[in-house]
Amino acid sequence: MERSYKFRIYPNPAQENLIQRTFGSCRYVYNHYLTYRKELYETKGVTANYYECAKNLTSLKQELSWLKEVDAAALQTSLRELDTAFQNFFRGIKQGRKIGYPKFKSKKDRRKSYKSKQSIYVNENTIQLPKLGLVRCRVSRQIQGRILSATVSQTPSGKYYVAVCCTDVDIVPLEKTGKAVGIDVGIHDIAVTSDGVKYTNPKHYEKSLKKLARLERQLSRKSKESNNREKARTKVARLQEHITNQRNDALHKLTTELVREYDTICIEDLASKEMMQNHRMARMVADASFYELRRQLEYKAQWYGKKLATVDRYYPSSQLCSKCGHQNADVKNLSVRKWICPECGEVHHRDVNAAKNILNEGLRLLA
Ligand SMILES: [Zn+2]
C-alpha cells in the first residue's frame with residue numbers, strides 16, 4: 001500500500017530562499033517548454049514529448065546555470081506535469097470533451113510546490129531533502145515503508161509543508177463487523193448516519209466562518225498592491241487554513257470511526273443540492289469538506305478492506321420514507337426537520353431518514 005505523511009517544516013532563511021528559487025525554476029521550466037511545444041506545433045505541426053523536452057533541458061541548464069542550483073528531479077517533475085497537461089488536452093480533443101490548452105503558470109499563484117525524488121530521509125526532528133540538506137521538521141508520526149518522493153509546498157499564508165509519499169506500507173485490515181451504514185453529509189452537522197449518530201461541527205466553527213466573512217470584506221476594501229492589502233490577505237489565508245485544518249481533523253476522526261465500525265459505507269456521489277442552497281461561505285466549506293470526506297473514505301476503505309458505495313445525487317434521499325418508500329414532496333422545504341409519513345405513519349428526522357435511504361440505495365447498487 002502507498003500512503004503519504006504530511007509534516008510542517010521550518011526552513012532557515014537560506015533554505016527558504018532555495019525553496020523559493022526552486023518554485024521559480026519549476027515555473028520557468030514549465031512555461032519555457034510550454035512555449036517551446038506551442039511554437040513547434042504552430043510552425044511544424046508536431047509536438048515534442050517528455051523525453052525530447054528532458055533532453056533539451058540538459059542543454060538549457062548549460063545556458064542557464066541557475067537552473068543547476070535547484071533539485072534536478074523537481075524540474076523533471078515539472079516537465080512531467082506539463083506533459084500530463086498536454087496529454088489530457090489531446091485526449092480531450094479525441095473524445096470530443098472540452099479540456100483547455102495548458103496554461104502558463106503565474107508568479108502570483110498562491111499555491112506553490114515541487115517534488116523531490118531521491119536522497120530523502122526522515123529523522124526525529126528533521127528531514128533530509130536534496131540540495132536543502134537537513135530541514136527542521138515536525139515529525140508528528142513515524143513513517144513506514146520505502147520513501148518514493150517528497151513534495152515541498154507553501155500555503156497561501158506562507159507556511160511550509162512536506163508530504164512524504166511511501167510505498168510498501170503494511171496496513172493491517174480491520175476486523176469485519178458485518179454492519180453497513182448510510183451517511184447524509186449535512187449542513188447543520190458534518191454528517192448524520194443511518195443509525196442516528198450525529199457528527200457535529202468543530203467548536204467555534206460557526207464563529208470562525210463569520211470572522212472569515214468579515215476579514216474578506218475588509219480585504220476587498222483595501223487598495224491593490226498596498227502593504228495593508230498584503231497583510232489583510234495573509235490574515236484571510238491564515239484563517240481559511242485554520243478552518244480547513246479544524247474541519248479536516250474532525251473528518252479524519254469521523255472517517256476512521258466509520259471504517260472501524262462498518263464494513264460497507266454508503267454516501268452520495270456529489271455534494272447535495274441542499275448544501276448548494278447555503279450562503280456562500282458555508283457552502284464553500286461544506287463543498288470542500290464533502291470532497292475531503294469522500295477522499296478519506298475512499299483510501300481508508302481500501303486500506304482496511306472495507307466497501308464504499310456511492311449513490312447518485314439525483315436520488316431523492318430526503319423525500320422518500322425510508323420505511324415504506326412513499327415520496328413526500330412537502331419535505332423539499334429545508335426547514336422541515338421532522339415529519340410523519342402520511343402513508344405509514346413513521347416519524348422521521350430529516351437527516352437520519354436521508355441517511356437510511358442512502359444506505360438502502362447503496363446496498364441495492366452493491367447487490
Ligand atoms: Zn412511510
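Visitor: Which residues in α2 meet which residues in α3?

Guide: This is a predicted model. In it, Tyr50, Cys53, Ala54 and Leu57 of α2 meet Leu75, Gln76, Leu79, Arg80 and Asp83 of α3. By class, the contact of α2 with α3 holds six nonpolar, one polar and two charged residues.

Visitor: How do I describe the packing of two helices?

Guide: Two packed helices are described by the angle between their axes and by the distance between those axes. Take helix α2 (residues 50-63) and helix α3 (residues 72-94). Their axes cross at roughly 150° and come within 10 Å. Angles over 145 degrees count as roughly antiparallel, and α2 and α3 are therefore roughly antiparallel to each other.

Visitor: What is the hand of the crossing of α2 and α3?

Guide: The crossing of α2 and α3 is right-handed.

Visitor: At what angle do α1 and α3 pack, and how far apart are their axes?

Guide: Helix α1 (residues 13-44) packs with α3 at an angle of about 40°, and the axes are 9 Å apart. So α1 and α3 are oblique to each other. α1 passes α3 in a right-handed crossing.

Visitor: Which residues of α1 and α3 meet?

Guide: From α1 come Thr22, Ser25, Cys26, Val29, Tyr30, Tyr33, Leu34 and Arg37. From α3 come Ala74, Leu75, Ser78, Leu79, Glu81, Leu82 and Phe86. The contact of α1 with α3 has 10 nonpolar, three polar and two charged residues.

Visitor: Which residues make the contact of α4 with α5?

Guide: On α4, the contact is made by Tyr205, Ser208, Lys211, Leu212, Leu215, Glu216, Gln218 and Leu219. On α5, the residues are Ala232, Arg233, Lys235, Val236, Leu239, Gln240, His242, Ile243 and Gln246. By class, the contact of α4 with α5 has eight nonpolar, five polar and four charged residues.

Visitor: How many bridges join β2 to β6?

Guide: Five bridges join β2 to strand β6 (residues 146-154), and the two run antiparallel.

Visitor: How many bridges join β1 to β7, and over how many does β1 pair with β5?

Guide: Seven bridges join strand β1 (residues 3-10) to β7, in the antiparallel sense. Arg8 has Tyr161 as its bridge partner in β7. β1 and β5 pair over three bridges, also antiparallel. There, Tyr10 has Arg136 as its bridge partner in β5.

Visitor: What is the order of the sheet of five strands?

Guide: This open sheet runs β10-β9-β8-β11-β12, with mixed pairing. β10 (198-199) and β12 (307-311) are the edges, each with a single partner strand, so one side of each is left without a neighbour in the sheet.

Visitor: In which sense do β8 and β11 run?

Guide: Strand β8 (residues 180-185) and strand β11 (residues 264-268) run parallel, joined by three bridges. Val181 has Ile265 as its bridge partner in β11. Helix α8 (residues 350-366) packs on this sheet and touches β8, β9 (191-193), β11 and β12. The direction of α8 makes about 130° with that of β8.

Visitor: Into which domains is the chain divided?

Guide: The division is domain 1 (3-167) and domain 2 (173-367). Their centres, taken over C-alpha atoms, are separated by 33 Å. Four residues from domain 1 and four residues from domain 2 make the contact. The side of domain 1 that touches domain 2 has one nonpolar, three polar and no charged residues.

Technical notes: Residues are numbered from 1 along each chain as its sequence is written. This is a predicted model: local features need pLDDT of at least 70, side-chain atom pairs count only at pLDDT 80 or more; totals for chains, interfaces and linings use all residues. Two residues are in contact if their C-beta atoms, placed from the backbone, lie within 7 Å. Helices (H or I, at least four residues) and strands (E, at least two) are DSSP runs, numbered from the N terminus. Ala, Val, Leu, Ile, Met, Phe, Trp, Tyr, Cys and Pro count as nonpolar, Asp, Glu, Lys and Arg as charged, and the others, Gly among them, as polar. Axes are lines fitted to C-alpha atoms, for helices over the stretch in contact, and angles run from 0 to 180 degrees between N-to-C directions. Angles under 35 degrees count as roughly parallel, over 145 as roughly antiparallel, 65 to 115 as roughly perpendicular and the rest as oblique. A crossing is left-handed if the near helix is turned anticlockwise from the far one by less than a right angle, and right-handed if clockwise. Domain bounds come from an automatic or database domain assignment. Two strands pair if DSSP finds at least two bridges between them.
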